[in-house]
Amino acid sequence: MAEENGNDNGENSREREETMPGGWPFVHSVGDVWAAAGSVLGERWLTDYELVYFPDGSATIYQTGGETYRLDKPCFIFTQPGERHRYRFDPDKNVRHLFVHFDYGELRQGDARFESLLAGSPLLPVSGNSLLPALLGQMMRIADFRLAHWKRRLAVLLSSALEELCASADNALEELARPLPLPISQALTYMEEHLEEPITIEAIARQSGWSHEHFTRMFVASVGLSPKRALLERRLRRAELLMLSGRWTVKQIAYRVGFRDEHHFSKMYKRLRGMTASSYIERCENSLARHALPAPDTVASVSANRHVLVNEQIK
């Protein structure tokens, strides 16, 4: 999380708004960082907005405005310009967090759509069904590899993330209180444990004890994806971890994630990711992206950091 101090007057705000693409956030930087156990960040204040995602609960503490927030569950922290704040990271383990620094005229102008962000708690819990972690992860992937039209795509994805964050802010706690139905959780676990096998949706449905039709309806209602698409996404994510390692060919990876046809795997990967699997492997060869893999909880894991400058801030 980059640290910036300074004054932000009305003239700077107008200049910033005029330079931002019309109606879209203006992304300054994105990052995926491990904080060392026991480290402290702050006290600081920013001239732009910061959205931070903590994928795992920990004993990390966030303090602002005289309030203390314990980040013991997966959550987002939204910090506004000029808010003095500090982080005290978990004393016993390293803490991973993804972040984006940005400016946005709609927020500066207090658009009613963002009332829950601007006036609510800075701590925003994340339900298990939320799309937000995937949006942040995709932003990091796009920034890592400078994919086509990457700056515009970052702005569009961030806009979507903010809209989703506001839409779910009021009921996120309620969603967290309603865990996935046990049959759905069992089906998801079965998927993860059998990704290398050519399992069918019928076989997965049998784990729930429901009929195929009822299972599919309940799965979509609970997860937000069809069972077929959820299985495919898990296979592609597993494939990406293998590609990042740099030790496997496309054919080997295809077999290790349940495809029995290398060409089918390549076709599906390009359709859903917008690039070929071979291109992804090539871009990973000399990239820090390999270090994004969850590392053992040791001091060495703190070096697995990525921070990508997207646009210079306007002073």
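Analyst: Start with contact: it means heavy atoms within 4.5 Å. Helices (H or I, at least four residues) and strands (E, at least two) are DSSP runs, numbered from the N terminus. This is a predicted model, in which local features need pLDDT of at least 70, side-chain atom pairs count only at pLDDT 80 or more, and totals for chains, interfaces and linings use all residues. Residues are numbered from 1 along each chain as its sequence is written, and side-chain values use heavy atoms, with hydrogens and water left out.

User: How many helices and strands are in the chain?

Analyst: The chain has 13 helices and 10 strands.

User: What makes a residue of α8 buried?

Analyst: In α8, the buried residues are Ile-201, Ala-203, Ile-204, Ala-205 and Ser-208. They pack against α7, α9 (212-223) and α10 (227-245). Just after α8 comes Gly-209, with a positive phi of about 80°.

User: Why are α7 and α8 called oblique?

Analyst: Two packed helices are described by the angle between their axes and the distance between the axes. Axes are lines fitted to C-alpha atoms, for helices over the stretch in contact, and angles run from 0 to 180 degrees between N-to-C directions. Helix α7 (residues 182-193) and helix α8 (residues 201-208) pack at about 135°, with axes 8 Å apart. Under 35 degrees counts as roughly parallel, over 145 as roughly antiparallel, 65 to 115 as roughly perpendicular, and the rest as oblique. The pair α7 and α8 is therefore oblique.

User: Which residues make the contact?

Analyst: From α7 come Pro-183, Gln-186, Ala-187, Tyr-190 and Met-191. From α8 come Ala-203, Ile-204, Gln-207 and Ser-208. They divide into 6 nonpolar, 3 polar and no charged. Here Ala, Val, Leu, Ile, Met, Phe, Trp, Tyr, Cys and Pro count as nonpolar, Asp, Glu, Lys and Arg as charged, and the others, Gly among them, as polar.

User: Why are α10 and α12 called roughly perpendicular?

Analyst: The axes of α10 and helix α12 (residues 262-273) cross at roughly 100° and come within 11 Å. That angle falls in the perpendicular range, so α10 and α12 are roughly perpendicular to each other. In α10, Arg-229, Leu-232, Glu-233, Leu-236, Arg-237, Ala-239, Glu-240 and Met-243 take part. They meet Phe-265, Met-268, Tyr-269, Leu-272 and Arg-273 of α12. The contact has 8 nonpolar, no polar and 5 charged residues.

User: How do you know that Ser-58 is buried?

Analyst: Its relative accessible area is 9%, so Ser-58 counts as buried. Ser-58 sits in the loop between β3 (49-54) and β4 (61-64). Leaving out residues up to four places away in sequence, Ser-58 touches Arg-70, Leu-71, Asp-72, Asp-90, Lys-93 and Val-95. Pro-74 is 16 residues from Ser-58 along the chain, and their C-alpha atoms are separated by 8.5 Å.

User: Is Glu-50 buried or exposed?

Analyst: Buried, because its relative accessibility is 0%. Glu-50 is in strand β3. Its C-alpha atom and that of Pro-81, 31 residues apart along the chain, are separated by 8.2 Å.

User: What makes Arg-96 partly exposed?

Analyst: Its relative accessible area is 22%, so Arg-96 is partly exposed. Arg-96 belongs to strand β8 (residues 95-103). Arg-96 and Ala-36 are 60 residues apart in sequence and 9.0 Å apart in space, C-alpha to C-alpha.

User: How many disulfides does the count come to?

Analyst: A disulfide is a pair of cysteine sulfur atoms within 2.5 Å. By this rule the count is 0. Cys-75 is buried, at 2% relative accessibility. Cys-166 is buried too, with 8%.

User: Where is the cis peptide bond?

Analyst: It joins Gly-42 and Glu-43, with omega about 5°. Glu-43 is in strand β2 (residues 40-44). The loop between β2 and β3 holds Thr-47. Thr-47 is buried, because its relative accessible area is 8%.

User: What percentage of the chain counts as buried?

Analyst: Of its 315 residues, 48% count as buried. Among contacts between residues at least 6 apart in sequence, 77% join residues at least 24 apart.

Technical notes
Buried < 20%, exposed > 50% of the residue type's maximum accessible area, 1.4 Å probe, protein only.
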